[in-house]
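Please open the structure and keep it beside you as you read.

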Amino acid sequence: MATTIPIGPYHPLQEEPEHYLLTVEGEEVLDVDVQIGYNHRGIEKLSEKKTYNQVPFLVERVCGICSHSHPYAYCLAVEDCGDLEVPEKAKYLRTLIGELERIHSHLLWAGLAGHFIGYDTVFMWAWKYREEVLDLLELLTGNRNAYAMMKPGGVQRDIPRKHLEEARPTLDMLKEKSEMLYNAVLDDPVMKARLEGIGILDEEDARAFGALGPTSRASGIPNDIRSDFPYGVYEDLDWKVITRDAGDVLARVEVRLLETLESIKMCEQIINRIPDGGSIDSEPKEIPPGDGIGSYEAPRGECFHYIKSDGTNRPVRHKIRAPTFMNFPTYRSTCIGETIADASIILASVDPCYCCTERAISLKEKDDVNLLELSQARTAEIKKELGLELSPLEEVLDE
Amino acid sequence: MVGRLVFDFFVFPGLFFTLGVGILASWLVRKVSALVQWRVGPPLLQPAYDIAKLFGKENIIPKGSSEWGFLIVPLLGPIGLLLASIILVKANYLATAFIGDVIVVLYLLVLPALAVVLGGMSSGNPLSSLGANRELRLIAAYELPLILAVTTAIVKTGGGLRLAIFSSQWVAASFSGAFAFIAALLCIQAELGFIPFDISEAETEIMGGPLIEYSGPLLGLFKISHLMALLVLPLFLITVFLGGFSTGWGALWGAIKYVLVLVVLILIKNTNPRLRSDQALKFFWYGAAPLGLIALVLAVVGNLIGIAWL
């Protein structure tokens, strides 16, 4: 007999509202469904009411963990639209903050993954080291999260050389501790028994579902915006894209922990090379009509922003697509056929970020009622009551 | 006589003592876990505050549950453990024992786990019946090695089915005894519901499993059952394998043994992830049970050819 087990909207597994519906028989998962939309804040619409320089403040608040990824992707889109030059020093500073953010995000995930399989010691230890990264970010930018560094055409403020040098001991410590964490995970037989061979996403499925970031890299696809379409100073840095072929949860853990080490290496190189003088902002005056695309490799995968400009000081359209949105469908391939015990860690293994993704409500047909049409018809009704002009679609629905 | 019985049941070694030590043990569990995890940990009486809080709250009986079962089942655990505690403690410090008390204790120790199963089944929630299923599977997994290990101790001590005989000698100070002790320690870990065997509650998977629908005093009774288990189960281990305790300095020595066993259990809890229920079953049947069997064979052979250290 199949039963439906809800994980969410409020569940100790996750710290944000999310809703998975697992159809199970005994312990085996037969089907999985994801419902999103509990966290809708209308960010894209709000963005159309702000000037180009105000939007970074807004998109920084899409997500607390990717609070550099969204403004960076937005700035890349604006710079693409206006063909803006970014000074060399600003590029270094942007990349440095981006990589520090990746370190703290991956450590955060490692801790949570430990918590989900009942290993709270890993949880506490990973977050203890993550705290050092946050302190470092506070030293460099003034904020633990929401660093407020980005603006189209450059960065908001310079980081003095003295502060950059102070980052070195922390990075050394992190390198040692990340290696310890990596070895602790790989050497632990119980951990291996729990993570190896479950939730396998093979390369074909990863491509078919359009998986992004560490989720796809753990399935053997070297898919990384930093190397495919380089922005910032990644072309000048010595680093490599980490991939694993196994595609299971253990591979995803490995990829993330090794990426943490790569990021630490990159941060050290950036601190060595960052120019001492020079401008940090090209101070763009206006954005011409047209559109622009910004792709940024966020810790969870490609973060995509689209900007349409009509020559005024505000974007007329701003579209955001978070990486988790593309990683959700892979559950069809990874969860089905596994047990409930494994499903929780498999769901968590794509590092889902709900506040990034759940900016949109998906309305779907249920019992022959088209909710979308119903909502539009209701809007038409209200507009008519208020004596407002109807759009062509609403006129059709009204009849 | 009646006064003596009332004292035995409600003060020492009954309710007051068992619960009091259980609260201290629970604090120890949380404090040691906190130290391993670089946290500060709770104040000494936090477990007592938690229980007191639960008894000040409302009971909610879910629709669709079997009401009488739901209400009565939480009492099973504390009652079983209370009796076990009285028998164990008296066998240790008064050496009053009856033939077969070890078997009675083994039966009584299953009661809390059965209470969890019955409570989960009567809640009428899919997650709690899932948890009850997992608990049943876990009982099936750890009972076999536990009984093998205790049988080894019985053989080792010459076949007397009295706890008082165990507590006068160190069973674990021989090969068979040591193997049996390791197997029994792992079973106790599972019986306490400690990670890696907290499969039936697994809050990040099934949100507390069988206890999901319980609230207020009824949940408090389950928590009390867990507190008592923290005293009774390690005490059972040291009585059977590590020489138990006696009066005077022997009580202090016994307390040290108890704390050491508890700390070992806590450290195992904090250095492992949770196993899946099929993995736990495999672990006990293919790992712990053969270990118990080897111990039993060694003990029998040792008895036959008269080698005490085997």
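This is a predicted model: local features need pLDDT of at least 70, side-chain atom pairs count only at pLDDT 80 or more; totals for chains, interfaces and linings use all residues.

1. Residues are numbered from 1 along each chain as its sequence is written, with chains lettered from A and ligands numbered from 1 in the order in which they are written.

2. Chain B has 12 helices and zero strands; helices (H or I, at least four residues) and strands (E, at least two) are DSSP runs, numbered from the N terminus. Its radius of gyration is 19 Å, close to the 19 Å from the globule rule for 310 residues, so chain B is as compact as a globular protein of that length. That radius is taken over C-alpha atoms, and the rule is 2.2 Å times the number of residues to the power 0.38. The C-alpha trace of chain B spans about 65 × 50 × 40 Å along its principal axes.

3. How do helix 2 and helix 11 of chain B pack? Helix 2 (residues 15-36) and helix 11 (residues 249-270) of chain B make an angle of about 45°, and their axes are 10 Å apart. Axes are lines fitted to C-alpha atoms, for helices over the stretch in contact, and angles run from 0 to 180 degrees between N-to-C directions.

4. Which residues meet there? B:A25, B:L28, B:V29, B:V32, B:S33 and B:V36 of helix 2 meet B:L262, B:V263, B:I266 and B:N270 of helix 11 in chain B. Contact means C-beta atoms, placed from the backbone, within 7 Å. Eight residues of this contact are nonpolar, two polar and none charged (Ala, Val, Leu, Ile, Met, Phe, Trp, Tyr, Cys and Pro count as nonpolar, Asp, Glu, Lys and Arg as charged, and the others, Gly among them, as polar).

5. Now turn to chain A, where three strands form an open antiparallel sheet in the order 6-7-8. Strands pair if DSSP finds at least two bridges between them. Strand 6 (290-298) and strand 8 (315-321) of chain A are the edges, each pairing on one side only. Strand 6 and strand 7 (residues 301-309) of chain A pair over nine bridges, and A:Y296 stands opposite A:C303.

6. Finally, the two chains meet: 24 residues of chain A contact 24 residues of chain B. Helix 5 of chain A gives the largest share of its side, five residues. That side of chain A divides into 13 nonpolar, seven polar and four charged residues.
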